[in-house]
Amino acid sequence: MLACSTSLSPVALAQQARTASSSAAPTPALTRASVGDAPPSMLGATSPTDEKMEVVGHSYGDGVTRRALGGGLMVNQDAPKSVSEITRDYIAKQNPALNPMQLIALLPGANVSDTDPMGMTGGHISVRGLTESQMGFTLEGFPINDIGNFAVYPQEIVDSENLRTVRLAQGSADLDSPHISASGGVVDMYMIDPRKTMGGQVDMTYGSFNATRGFARFDTGYIGHTNLRAYFSYSQGRQDHWRGPGYENKKHGEMKIVNDWGQGNRVSLAVVGNSLQNDAYPSVTMASWRKWGNGFVNPIGGSGLGRNDPPNTVYEQHFVPGDGNYYKLHPNPFTNIYASMPSTFTLTDHLTLTETPYFWYGYGNGGGAYATSLTSYQYGATKIGGHIGSLSSGSPLLYNPSLTETYRPGATTKLTWSYGPNRLMVGYWFEYSKQTQTAPYGLVGPNGTAFDVWGGGPNLVLNNGVTAQYRNTLTQTVVHTPFIGDSLSLLHDRLTIDAGLKYSIVDRRGANYLPNVSQKYVTTNYAEALPTAAARYKINAENQVFVSVSTNYRMPTNYALYDSGSYYVPGGYSTKANPNQQPEISISEEAGWRYQGRLVSSSLTYFHYNFTNRLFTQTVTDPVSGAYWTTNANGGGEHSDGFDFEIGTRPIYNIRPYVSAEYLHAVTDSNLQASSGKVVDYLPTAGKIAPQAPEWQVGFGLDYDDGHRFGSFNLKYVGKQYATFMDDQHIPGYVRMNIALGYRFSSMGMFKNPSIRLNLQNLSNAGYLNWINSVQTNATNTRGIFGNMISAKAPTYTIASPFAAIATVSSDF
């Protein structure tokens, strides 16, 4: 950001900036620094316009400086809480198709899964035992978690070529974080700024499983005699499934416009558009994994390619037309558009206004198929003979997509007053969202595919003219969140004390249009006061310590509001509403030490959490009728303790190592209710290790870069993870290793900084389970605390992507 006298006109400012940038031979690399002379604070670090730029050294076009700590896996931090961050030095050397979750896999506590080498089918993350739906994710200051179930779809967020930095705050959200689901930490992502001179970047990628991808970005430079500059980019990628039939095809566009002037005034606009067609990878149970390994492609019975079968064995016997597991009946098409305009205005020497309006639109579905008896089909409480096309009887295979359309505008407004050692922040976050979710039953054609992937075409139309659906809801969510925080700097900025409060008010209004539901219209209201406090003390220029305490919460999902699914007598719908569910509350404490020397930087953080009302989905049985259904409930309490550690260096003979580690002890505090047949009991889960909470994680990165030749090696170890609350089934610990090798050529004519690189992923080609898709109470028959036997329920898992080689050629122009 320019720091020029406000007496200059915009034209003079633009001319001055162009003169300054053209007079220096190298392009300066940019990194984050605190606003003005204010002390670092946890009160307002989320908004991207709270960041300015500082020169740290030469950049090789792609943002690589060769000076970043740990090869770009670490940044010196001053916030009084745990924060880890990656930069262009690391991002620019990875497979360019990787999504942001995959890019932060080496950071302390980041337990990241994937299902394909190019990151197009998404993935998951847990941090300190909390999954992405319990964390907050922002891009350029706006929230990208699904407003209904708080899921995150990392494959749709941003192209890595335009990604400047990804910051992980493992423990808590900032006061101005726009989230209602962050009972854990937050992930903040920021895009690069447009270049000041005209140019751009292109790259082409080819790799295993017929993976192809192209990317192109055009930077306008300064437009005319103004400070306005912009870039526009487009990418398209495709790959075949490595496991079974299917493919992904992704089209992605981005733009960013920036105008900055005077002392700290800046307006930017970022727009991201994404369209992807992919076929879902089936989950597996532990039994099927042990039998079939990587080659197993049919999650329900049938046969598949075993680990010891010949390479040419046919393993798709059940993936044929007429089978509900046919891969073409499980598509996942979606389209998303994100727009954000983070802006900062210096009103006076002491008062700054930050405004971040945004808009979020999404439309997509996840497909499925079921055989349904038309003569006995029940839609609501009445059996109604239905017809679909020319069919009026039998049990045809019906396609059933789960459609979601979301409109989500909002804005975060913040005033920051700085005077002497004091920094006062007052702000307000408002959002209104409208989410429609339907699931019409439709006919499957003779070739085994749906007539319409979006659920149109011949539908299951009942005699009363109504189209039968699995769900049919409208949810409107209104968020009002005022916040206030104060930061006091003492002892010549050696001591910083922060305190703040935000008050989150959320109103949800829902309508369920299925027939004979328990509640057609539902309204819920939540109001939570979330205080926070922190302190940081600099012992000397290299050492600092910090402590923090914060309160966070996560609302129940919108699915908790509605009956849905199939209708059974006398139980009603197979999923029943629980609109009275309480929010999940967490109180987290941290204490840490940082050493930030000229050559080595390190950080060590102890953390402790207490959770109440853990959100949980369970099966409930009526002890009289034996009818059972799924519902959302509060699973009691949980606590956890542990530590995070990371260390990285500046270049030592062009080598920069990095090490991270986490120890986690997460324990369930309550006995959970469970049922089996007509029996209802409580399982002795209190004192058990919590699911999806590996005790140990270790990351290691090694980067070499001499300006022309570069390479990196990274390794991540994740310990075993329990898949049930009874700790009676788990996925073993695993190690994943990746290598990147590349060379930068000297500029040749219009080709600036051309390079070639090879990324080798999962070097050992290890086949392993890396995520628990559905956590269960118990995987073996277990006797409850009242003596009743509770039958086993099988968790399901995701298989990690195998070895892949990805080659990329890129150049600036």
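Over the ring of which residue does the charged end of R614 sit? That ring belongs to F611, and the charged end lies 4.9 Å from its centre.

This is a predicted model, in which local features need pLDDT of at least 70 and side-chain atom pairs count only at pLDDT 80 or more, while totals for chains, interfaces and linings use all residues. Residues are numbered from 1 along each chain as its sequence is written, and side-chain values use heavy atoms, with hydrogens and water left out.

**View 1. Arginines over rings.** Besides R614 over F611, here's R128, whose charged end sits over the ring of F607 at 4.0 Å from the centre. (A charge sits over a ring if NZ of Lys or CZ of Arg is within 6 Å of the ring centre and within 35 degrees of the ring normal.)

**View 2. Confidence along the chain.** The chain's mean pLDDT (the predictor's confidence in each residue, from 0 to 100) is 86, with 87% of residues at 70 or more. Residues 44-49 fall below 50, and this stretch has 25 contacts in the model beyond near neighbours in sequence; contact means heavy atoms within 4.5 Å. Residues 296-318 also stay under 50, with 43 contacts beyond four places in sequence.

**View 3. Salt bridge D114 to R736.** A salt bridge here is a side-chain nitrogen of Lys or Arg within 4 Å of a carboxyl oxygen of Asp or Glu, and the count comes to 25. D114 and R736 make one of them, at 3.6 Å from N to O. D114 lies in the loop between strand 4 (110-113) and strand 5 (124-127) and R736 in strand 47 (residues 734-744), so the pair ties together parts 622 residues apart in sequence.

**View 4. Salt bridge K256 to D193.** The closest N and O atoms of this pair are 2.8 Å apart. K256 lies in strand 14 (residues 247-261) and D193 in the loop between strand 10 (186-191) and strand 11 (199-207), so parts 63 residues apart in sequence are tied together. K256 is buried at 1% relative accessible area, and D193 counts as buried at 14%.

**View 5. The 4-5-6 sheet.** Strands (DSSP runs of E, at least two residues, numbered from the N terminus) pair if DSSP finds at least two bridges between them. Three of them form an open sheet in the order 4-5-6, with antiparallel pairing. Strand 4 and strand 6 (130-131) each have a single partner strand, so one side of each is left without a neighbour in the sheet. Two bridges join strand 5 to strand 6, and V127 stands opposite L130 in strand 6.

**View 6. Aromatic pairs.** Rings of Phe, Tyr and Trp (its six-membered ring) pair if their centres lie within 6.5 Å; planes under 30 degrees apart count as stacked, over 60 as edge-to-face and the rest as tilted. The whole structure has 19 such pairs. W417 and Y419 have ring centres 5.8 Å apart and planes at 5 degrees, so they're stacked. F643 and W696 have centres 5.9 Å apart and planes at 75 degrees, so they're edge-to-face. F643 is in strand 39 (residues 638-649) and W696 in strand 43 (residues 696-705), 53 residues apart. F643 is partly exposed at 28% relative accessible area, and W696 is partly exposed at 37%.

Terms used
Helices (H or I, at least four residues) and strands (E, at least two) are DSSP runs, numbered from the N terminus. Buried means under 20% relative accessible area, exposed over 50%, partly exposed in between (1.4 Å probe, protein chains only).
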